[in-house]
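Here is a quick tour of one protein model, from the whole chain down to a handful of residues. Have a look at the fold before reading on.

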Amino acid sequence: MRPPLVIGNWKMHRTASEALALSRSIRKGLSVARQVEVSLAPPFTALGTVRDIIKGSPILLAGQNVYWEPEGAYTGEISAKMLAEIGCAFIIVGHSERRRLFHESDEAIAKKISAALGAGLRPILCIGEAFPQRQKGLTNQVLARQLRRALKGLGKNAIRNIEIAYEPVWAIGTGRNATPDQVGDAHRLIRRTLGHLFDENRAEQTRILYGGSVRPDNAAELAAVDGVNGLLVGGASLKAPDFLRIIRCFIPARR
Ligand code: PGA
């Protein structure tokens with residue numbers, strides 16, 4: 001298993017000059033963190049700036065979205081090759097905000113994952129149930145379906161290059177995180193499903209992150225859940241001290 005991964009998803013926050021200051025503070029505070037993989041996902045316009053700031057540090061760059069075609073007349077879109085060349089290691093795919101606000105389907109998400117893998121990027125596939133689905137007892141069904149559809153048609157080895165993020169829709173940006181029990185159950189189901197889709201050994205090696213209202217005061221508890229291999233952090237990644245505290249939850253000596 002690779003080290004735990006903590007990724008900061010800045011969403012549509014921070015101009016390039018603001019991103020410079022934020023990534024610099026994070027880099028400065030991170031001298032200790034070799035046991036954790038850390039990644040920053042700024043908006044496209046700040047990728048180059050953040051790349052220059054984190055150069056030579058263990059921090060890796062991530063994109064927030066990608067289009068699946070290699071190039072062409074797709075005004076406003078960005079290809080996987082463009083993201084790879086600018087220095088991205090990861091790409092967030094299937095975030096619930098994209099599914100909900102931009103009508104991204106599972107089929108579109110599957111194409112994005114293939115394109116990302118083809119360009120040597122590691123997709124972080126986000127899946128999660130909405131609150132009414134949880135209330136109706138459909139959580140497992142929804143998660144398994146999202147995984148099946150997004151990962152359809154991939155070879156057995158592909159899962160080695162993919163991370164999964166369990167992000168219950170009702171927990172994102174609401175201040176209401178999932179409980180450790182809910183997270184543990186979802187992560188077990190996800191790993192079991194990956195075992196069926198690929199194979200059990202590879203599923204054991206896959207990093208499964210939790211995301212949704214992760215804050216410095218709940219991160220240690222969430223990081224300690226069996227089967228949690230990292231965190232996807234939105235709002236709390238916009239403040240360097242908060243993000244650094246979250247990262248440190250994965251460094252045993254500093255807990
Ligand atoms: P949040 O966002 O931490 O602000 O809830 C998480 C995410 O959207 O990935």
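## Ground rules

Helices (H or I, at least four residues) and strands (E, at least two) are DSSP runs, numbered from the N terminus. This is a predicted model, so local features need pLDDT of at least 70 and side-chain atom pairs count only at pLDDT 80 or more, while totals for chains, interfaces and linings use all residues. Residues are numbered from 1 along each chain as its sequence is written, and side-chain values use heavy atoms, with hydrogens and water left out.

## The whole chain

The protein chain has 11 helices and eight strands. How does the radius of gyration compare with that of a compact globule? A compact globule of 255 residues would come out near 18 Å, and the protein chain has 17 Å, which agrees. (That radius is taken over C-alpha atoms, and the globule rule is 2.2 Å times the number of residues to the power 0.38.) Along the principal axes, the C-alpha atoms fill a box of roughly 50 × 45 × 35 Å.

Of the 255 residues, 53% count as buried; buried means under 20% relative accessible area, exposed over 50%, and partly exposed in between (1.4 Å probe, protein chains only). Take the contacts (heavy atoms within 4.5 Å) with a separation of 6 or more: residues 24 or more positions apart account for 71% of them.

## Surface and charge

The accessible surface comes to about 11700 Å², and 50% of that belongs to carbon and sulfur atoms. Areas come from the Shrake-Rupley method with a 1.4 Å probe; for residues, only the protein chains shown count as cover.

On the charge side, there are 36 positive and 23 negative side chains, and the centres of the two sets lie 3 Å apart. Lys and Arg count as positive and Asp and Glu as negative, with His and the chain ends not counted. Each charge is placed at NZ of Lys, CZ of Arg, CG of Asp or CD of Glu.

## Cysteines

With a disulfide taken as a pair of cysteine sulfur atoms within 2.5 Å, the count comes to zero. Cys 88 is in no disulfide, and its nearest cysteine sulfur, that of Cys 126, is 15 Å away. Cys 88 is buried at 8% relative accessible area, and Cys 249 is buried too, at 7%.

## Val 6 in strand E1

Val 6 is found in strand E1 (residues 5-9) and is buried, with a relative accessible area of 0%. What does Val 6 touch, not counting residues up to four places away in sequence? Its partners include Val 36, Val 38, Leu 231, Val 233, Phe 243 and Phe 250.

## Around helix H5

His 103 lies in the loop between helix H4 (96-101) and H5. Buried or exposed? His 103 is exposed, with a relative accessible area of 67%, and its phi is near 55°, again positive in a residue other than glycine.

Asp 106 is in helix H5 (residues 106-118) and counts as buried at 12% relative accessibility. Leaving aside neighbours within four places in sequence, Asp 106 is in contact with Arg 99, Gln 146, Arg 149 and Ala 150.

## The Gly 227 loop

Gly 227 sits in the loop between helix H10 (219-223) and strand E8 (230-233), partly exposed at 23% relative accessibility. Beyond its neighbours within four places in sequence, Gly 227 contacts His 187, Arg 191 and Ile 208. Gly 227 and Ile 208 are 19 residues apart in sequence, with 7.1 Å from C-alpha to C-alpha.
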